[in-house]
Amino acid sequence: MRVETGTKRVRAYLAGELVVDTTRPALVWEKPYYPTYYFPAEDVRATLVPTGEVKRSPSRGNGQVFDVKTGTATAAGGGLRYPDSPLEALRDLVRLDWDAMDEWFEEDEPVYVHPRDPYTRVDALPSSRHIRVEVGGVEVANSHRPVILFETGLPARYYLPLTDVRQDLLRPTDLRTSCPYKGTAEYWSVVVGDETHENVVWGYRTPLPESRQVAGLVAFYNEKVDTYVDGVLEEKPRSHVG
């Protein structure tokens, strides 16, 4: 468990009203993949109403649960404090549940899903490497013009032009996921014969500025398909998303 003090201005809103406004957020890695924001209690503008509920954490201790109240709305159980935490850095801080708030901003830019990790880097690089993808033994994509996206902690992802993909085998699905670095992705399944490979393809039509190079391209889950890079079958990677 790691705790660091950030320097970004962070704000959260509930029903249009300011809940927190700080330039000294604490980044707390409750899980290994990304941090959670905690805030100095004096920078929380909303009213915290004790619920009497206690949440126990092996590393953080006993957490007191609060309803977060503004003038017009209440986020039930949206606040958490660890006044007697074995981690001294947490004792005067308030954790606001990310999904309980309506809007989050880092400086003046909206942020989605979770805080950006200062140790995560995203590089999208045009490449001339030959990428070929097979699903169920059938070639579904063949491209010499991928954009390879390198993101800290994840396998390299090969984003390909749709014109290099067998679009006749793709079926759009209702799945949507969001990423604080790339934006909102839409998904496709691949149908090969009588078999449907669910949600193995995704793409960002309007990615966030830092990932704009992948706009309109699609990627396949390397973990779930056969990917050939320059003629060599890539070993299927392991990741927490696949």
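Reply: Strands (E, at least two residues) and helices (H or I, at least four) are DSSP runs, numbered from the N terminus. In this predicted model, local features need pLDDT of at least 70 and side-chain atom pairs count only at pLDDT 80 or more, while totals for chains, interfaces and linings use all residues. Residues are numbered from 1 along each chain as its sequence is written, and side-chain values use heavy atoms, with hydrogens and water left out.

Me: How many helices and strands are in the protein chain?
Reply: The protein chain has zero helices and 22 strands. Its C-alpha atoms fill a box of roughly 60 × 35 × 35 Å along the principal axes.

Me: What share of the residues counts as buried?
Reply: Buried means under 20% relative accessible area, exposed means over 50%, and partly exposed is in between, with a 1.4 Å probe and protein chains only. Of the 242 residues of the protein chain, 48% count as buried.

Me: Now for a sheet. In which order do the four strands of the open sheet come?
Reply: Strands of a sheet pair through backbone hydrogen bonds, either parallel or antiparallel. Here the order is β3-β2-β10-β11, with antiparallel pairing. The edge strands, β3 (17-22) and β11, each pair on one side only.

Me: How many bridges join β2 to β10?
Reply: Four bridges join β2 (residues 10-14) to β10 (residues 103-106), and the two run antiparallel.

Me: Which strands pair with β9?
Reply: β5 (residues 36-40) pairs with β9 in the antiparallel sense over three bridges, with Pro40 partnered by Leu93. β8 (residues 74-81) also pairs with β9, antiparallel and over three bridges. There, Leu80 has Arg95 as its bridge partner.

Me: How should I read a positive phi, and where does one turn up?
Reply: Most residues other than glycine have a negative phi, and most peptide bonds are trans. Ala15 has a phi near 50 degrees, a positive value, and is found in the loop between β2 and β3. At 42% relative accessibility, Ala15 counts as partly exposed. Asn199 also has a positive phi, of about 50 degrees, but lies in strand β19 (residues 195-203).

Me: What separates a pocket from a cavity?
Reply: On a 1 Å grid over the protein atoms alone, a cavity is a set of points where a 1.4 Å probe fits but cannot get out; a pocket is an open set with protein on both sides within 12 Å along at least five of seven lines, and lining residues have an atom within 4 Å of a point. Grid points are joined across faces, edges and corners, and a volume is the space filled by probe spheres set on the points. The second largest pocket has a volume of about 230 Å³. Of its 15 lining residues, Tyr34, Thr36, Arg95, Trp98 and Val113 are the closest to its centre. β5 and β9 each supply at least two residues of that lining.

Me: Which residues line the largest cavity?
Reply: They are Ile131, Val133, Tyr158, Leu160, Phe220 and Thr227. β13 (131-135) and β16 (157-161) are the elements that give two or more residues to this lining. About 40 Å³ of space lies in the largest cavity.

Note on methods: Pairing = 2+ DSSP bridges.
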